[in-house]
Amino acid sequence: METPSLLLMGGSVDLIMGHAGDAIGASRDNVPIVTVAAIFQKDPQVLITHPGTGNDSLEKLKGKQILVGSGGEATYWPFLKAKYGFTDDQKRPYNFDVQPFLKDKNIIQQGLLTAEPFEIKKKGGVEPQVILLADYGYNAYAFTIETTKKLVERNPDLVQRFVDASIKGWYSYLDEPIPGNTLIKKDNPDITDEQLNFSLEKLKENAIITGGDAQQLGIGAMKEERWKSFFDNLVKTGVFDANTNYKDAFTLQFVNKGVSYYKT
């Protein structure tokens, strides 16, 4: 388990931000963590390439050097190997520094839709080619809300109020971001309005939060069919054994109330 999960299981926090893959991994390892909402309907994970190199689709990246973070090796990388024929000898370690990318037009790197593309353009004056993995079949729920099964059982009202407040907060932010941005900058003085505006634009442009099932069911929406589809994909790639009980990784009892419920 990573640090947020350890804090959760240790009782230091009651809820954390997570990812569908991590939640299924916890279920496999018999760790009593459960996902109660999925704020991002699309995982914002991207691969970034230089313009004019012809590297504008996943099919064209086979055999080419790609900077991959340690977290990606257990999530999206096996998916790319299974579906697009990527191989481990393509991988190079990504240390979350865009300078190697800026220095070499042949390098491809991972990133988040809302972060590295902005940094690359700002530091290098390059408008990068961005490939959103969610558009190529990588259908993980991301930026989820996770808690312990114990809290769900003992205090479901608390969980419900936290989920509802989070979802309503996201609707408020998407409609009027200035108050939220003020608080973000207070805690993160290095972040700029330009960065915040870019991130919000990308979230909206790609329907990361309000797309998919969230269009009707509201932000945070989840469906069992979507979880099964994601799990089946990772079984095919060898990340999980088919006997893993993926259904233990989530509950639908706190979401799917409809857009009008959250916006009134």
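Predicted model: local features only at pLDDT ≥ 70, side-chain atom pairs only at ≥ 80, totals over all residues.
Residues are numbered from 1 along each chain as its sequence is written, and side-chain values use heavy atoms, with hydrogens and water left out.

Q: How many helices and strands does the protein chain have?
A: Helices (H or I, at least four residues) and strands (E, at least two) are taken as DSSP runs and numbered from the N terminus. Counted in this way, the secondary structure of the protein chain comes to 12 helices and eight strands.

Q: What radius of gyration does the protein chain have, and what would a compact globule have?
A: The radius of gyration is taken over C-alpha atoms, and the globule rule is 2.2 Å times the number of residues to the power 0.38. Because the protein chain has 264 residues, a compact globule would be near 18 Å, and this agrees with the chain's value of 19 Å.

Q: Which residue of β8 is the bridge partner of G18?
A: The strands β1 and β8 run antiparallel and are joined by five bridges. Within β8, the bridge partner of G18 is T144.

Q: Which side chain of opposite charge is nearest to E146, and how far away is it?
A: E146 lies in strand β8 (residues 142–148), and E146 is buried (under 20% relative accessible area, with a 1.4 Å probe and protein chains only). Lys and Arg count as positive and Asp and Glu as negative, with His and the chain ends not counted. E146 has no salt bridge, which would be a side-chain nitrogen of Lys or Arg within 4 Å of a carboxyl oxygen of Asp or Glu. The nearest side chain of opposite charge is K149, 12 Å away.

Q: Is D248 buried, partly exposed or exposed?
A: D248 is found in the loop between α11 (224–236) and α12 (259–263). Leaving aside residues up to four places away in sequence, D248 touches S27, I33, V34 and K149, where contact means heavy atoms within 4.5 Å. Exposed means over 50% and partly exposed lies between the buried and exposed limits. Because its relative accessibility is 34%, D248 counts as partly exposed.

Notes:
Pairing = 2+ DSSP bridges.
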